[in-house]
Amino acid sequence: MSAATTRSRTPDRLCAEAVDLARAAAEEVAAPGVIGEHVGLVSEGDRVVTHFFECKEPGYRGWRWATTVARASRAKVVTLDETVLLPGPDALLAPEWVPWSERLRPGDMGPGDLLPTDADDLRLEPGFSGEEEPPPNSAVSEEMAELVEAEDAEVAGGAPASLPVAPRRGSISAVAEELGMRRARVLSRYGLHVAADRWEEAYGPKTAMAQAAPATCLSCGFLNPIRGSLGQAFGVCANEFSPADGRVVSLAYGCGGHSEAAVMPKPPRPAPPVIDETKVEPFPLRPAPDSGSVSVTTDESAAELGHS
């Protein structure tokens, strides 16, 4: 070990004793009453020492005010270099900065927000953008020319190579547009797998709703199938009473809103009444004249006396 290195690790005596000078400099820079006790010093080099003072300001737990002092060679006066606020070994620090692309979560986007996509995004792969389209006077395959002619396209007589302009119906861009492939980028196999895993985790066979369902979405009448390779495992729910309404669901998912889960019971048929209340029976308010033991006579004077 060289002598220079040994001297740099040994604090200079005059600089180490300049605690009052370092404290005064720290109190001048910091707010009043936030400079605490002297907690140590460290040698920065030949005749350069940094003094540390406790920081009492709220919100800066474990931070220290650092004042660096120095002394010129053969000089007896210690001078001030700088005063800064530095974190200590147990200081409360902000978390490490994370790029916005890694902080973004599903549902964070709002109206007007734009989400740029990286050029090397693994979820996408190049699609057909028209750059590989042949020149206007290049020849199209003979099989394509026969197909175009069979479909009554607007093609003049002769081979495509002899035409001034390539037939629009037989061009690569027209075929790509008809197949829905005329996009700059399309989903890659990795993008398909990531989307499938995300959808199956939210609405898949392992969810609590699917475990208690009477049947799967594969046999449900509210399932709207989708196109492409994902249609072999997923569909869109169209039941407004289902918790997955309007969501992409796995064919193995299910809920209580299955179209064939239960049959609506028929309305109960009431039993025949014990008393027929629909029939009206006459009830006399007075007894009939001929209901007694004496016959009725029209002549009151001839009527027998003593009858009840």
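Trp 63 is buried, with a relative accessibility of 18%, where buried means under 20% relative accessible area, exposed over 50% and partly exposed in between, for a 1.4 Å probe and protein chains only. This is a predicted model, in which local features need pLDDT of at least 70 and side-chain atom pairs count only at pLDDT 80 or more, while totals for chains, interfaces and linings use all residues. Residues are numbered from 1 along each chain as its sequence is written, and side-chain values use heavy atoms, with hydrogens and water left out.

Across the whole structure, a search finds 3 aromatic pairs; rings of Phe, Tyr and Trp (its six-membered ring) pair if their centres lie within 6.5 Å, and planes under 30 degrees apart count as stacked, over 60 as edge-to-face and the rest as tilted. One of them joins Tyr 60 and Trp 63 edge-to-face, at 5.5 Å centre to centre and 85° between the planes, and Tyr 60 is partly exposed at 33% relative accessibility. Tyr 203 and Tyr 253 also form an edge-to-face pair, because their planes lie at 90° with the ring centres 5.6 Å apart. This pair links distant parts of the chain, 50 residues apart, with Tyr 203 in the loop between helix H7 (189–202) and helix H8 (208–211) and Tyr 253 in the segment after strand E9 (248–250); helices (H or I, at least four residues) and strands (E, at least two) are DSSP runs, numbered from the N terminus. Tyr 203 is buried at 15%, and Tyr 253 is buried at 3% relative accessibility.

Strand E3 (residues 63–71) runs antiparallel to strand E4 (residues 78–87), joined by 9 bridges, where pairing requires that DSSP finds at least two bridges between two strands. Thr 67 has Thr 83 in E4 as its bridge partner.
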